[in-house]
Amino acid sequence: MTTTRQVDLHAHGRVDGSDDVRTVTVQKSLMVHNDGIAAANRARFGTRLVLNLESSPGSGKTALMERTVRDLAAHVRVGVVVGDLATDNDAVRIHKAGAPSVQIVTGAVCHLEAEMVARAVDDLDLEGLDAVVIENVGNLVCPAAWDLGEDLRVTMLSVTEGEDKPLKYPRIFKDAHAVIINKIDIANVVGFDRARALDAIGKVAPAAEVFELSARTGEGMEPWLDWVRARQAAKLAAP
Ligand SMILES: Nc1nc2c(ncn2[C@@H]2O[C@H](COP(=O)(O)OP(=O)(O)O)[C@@H](O)[C@H]2O)c(=O)[nH]1
Ligand SMILES: [Mg+2]
């Protein structure tokens, strides 16, 4: 099943910084509102593992999900909620990979919010799922502030983006439980400095699990799949 949800434009996705005091107040109450819905999402997900996958556009989030849902199908039934500014292309890709998917079309909003996820989940058959992955809107800034009701945050970096991205965008990396370096199949071609990237991740997110893989070739997928399986089993045993 593939469903597309069009979300109304939310003014708070484009905060006007012209009146700082008022902006802070409005933003704070929006976050409190969001956190309440995120808590309700968390309760509704129950024993299912929920991941919030974040990265720049084009890092390979959907490619990783296509391969992950296929590889895990025999053990963990994964549903995917995916956010983009426009099109349902990604939900269609996930659906073709064999998993239920719901597309949230955000219009001008550069991140997903708990309320959007709550509405999207209405279109997922949670009963038939062991885990849900929320593929956030491609952006290294906006999504970091919004709790969606996930258990774990996963931040992805691809080898073409520059090894210092964790240092430049620390918040989205520092809150990550896992950091994925994707596209290792082209690391040599683009002159990726692996040691520098690992050093940057280590400085910002020292406790995060780090996975180096290629969603295209499948190299390095096994440790990532093991991690998801283990976290799903742990959540089921102790929600
Ligand atoms: N070489 C290579 N290309 C990849 C890999 N993963 C994704 N891509 C390509 O990167 C582009 C963006 O991938 P996509 O999954 O749409 O990224 P998203 O915007 O983060 O969801 C596509 O052309 C993918 O085929 C990878 O591991 N290696
Ligand atoms: Mg995508």
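Accessible areas here come from the Shrake-Rupley method with a 1.4 Å probe, and for residues only the protein chains shown count as cover. With that in hand, here are the close-ups.

**Figure 1. The whole chain, in a predicted model.** The chain exposes about 10600 Å², and carbon and sulfur atoms supply 53% of that. It has 8 helices and 8 strands; these are DSSP runs numbered from the N terminus, with helices being H or I of at least four residues and strands being E of at least two. Of the 239 residues in the chain, 51% are buried. Buried means under 20% relative accessible area, exposed means over 50%, and partly exposed is in between (1.4 Å probe, protein chains only). Take the contacts (heavy atoms within 4.5 Å) between residues at least 6 apart in sequence: 75% of them join residues at least 24 apart.

A word on the ground rules: residues are numbered from 1 along each chain as its sequence is written, while chains are lettered from A and ligands numbered from 1 in the order in which they are written. Because this is a predicted model, local features need pLDDT of at least 70 and side-chain atom pairs count only at pLDDT 80 or more, though totals for chains, interfaces and linings use all residues, and side-chain values use heavy atoms, leaving out hydrogens and water.

**Figure 2. The largest nonpolar core, with Leu64 and Trp224 in view.** A nonpolar core is a set of buried Ala, Val, Leu, Ile, Met, Phe, Trp, Tyr and Cys residues joined through side-chain atoms within 4.5 Å. This one has 30 residues, and Leu64 and Trp224 touch the most other members. The elements giving it two or more residues are β2 (49–54), α2 (61–72), β3 (78–84), α3 (89–96), β5 (131–135), β6 (152–158), β7 (178–182) and α8 (221–237). Helix α8 gives the most, with 5 residues. Neighbours within four places in sequence aside, the contacts of Trp224 are Leu51, Leu64, Met65, Thr68, Val154, Ile180, Phe211 and Leu213. There is also a second, separate core of 20 residues, with Val50, Val117, Ala120 and Leu129 among them.

**Figure 3. Ligand 1 and the residues around it.** A polar side-chain atom of Lys61 sits 2.8 Å from an oxygen atom of the ligand, and a polar backbone atom of Gly60 is 3.0 Å from an oxygen atom of the ligand. For Asp185, a polar side-chain atom lies 2.8 Å from a nitrogen atom of ligand 1. On its own the ligand exposes 580 Å², and the protein buries 77% of that.

**Figure 4. Glu66 paired with Arg93, and Ala97.** Glu66 and Arg93 form a salt bridge, with their closest N and O atoms 3.0 Å apart; the term stands for a side-chain nitrogen of Lys or Arg within 4 Å of a carboxyl oxygen of Asp or Glu. Glu66 is in helix α2 and Arg93 in helix α3, so the pair ties together parts 27 residues apart in sequence. Glu66 is buried at 18% relative accessibility, whereas Arg93 is partly exposed at 33%. Ala97 belongs to the loop between α3 and β4 (101–105) and is buried, with a relative accessible area of 10%. Apart from neighbours within four places in sequence, Ala97 is in contact with Glu66, Val69 and Arg70.

Figure 5. The whole structure has 17 salt bridges. Asp151 is partly exposed at 24%, while Lys235 is buried at 11%.

**Figure 6. His111 and its polar contacts.** His111 is in the loop between β4 and α4 (114–121), and is buried with a relative accessible area of 2%. Its side chain makes polar contacts with the side chains of Glu113 (2.9 Å) and Trp146 (3.3 Å).

Definitions and conventions: Near = heavy atom within 4 Å. Polar contact = N/O pair within 3.5 Å; in protein donor to acceptor, adjacent residues only side chain to side chain.
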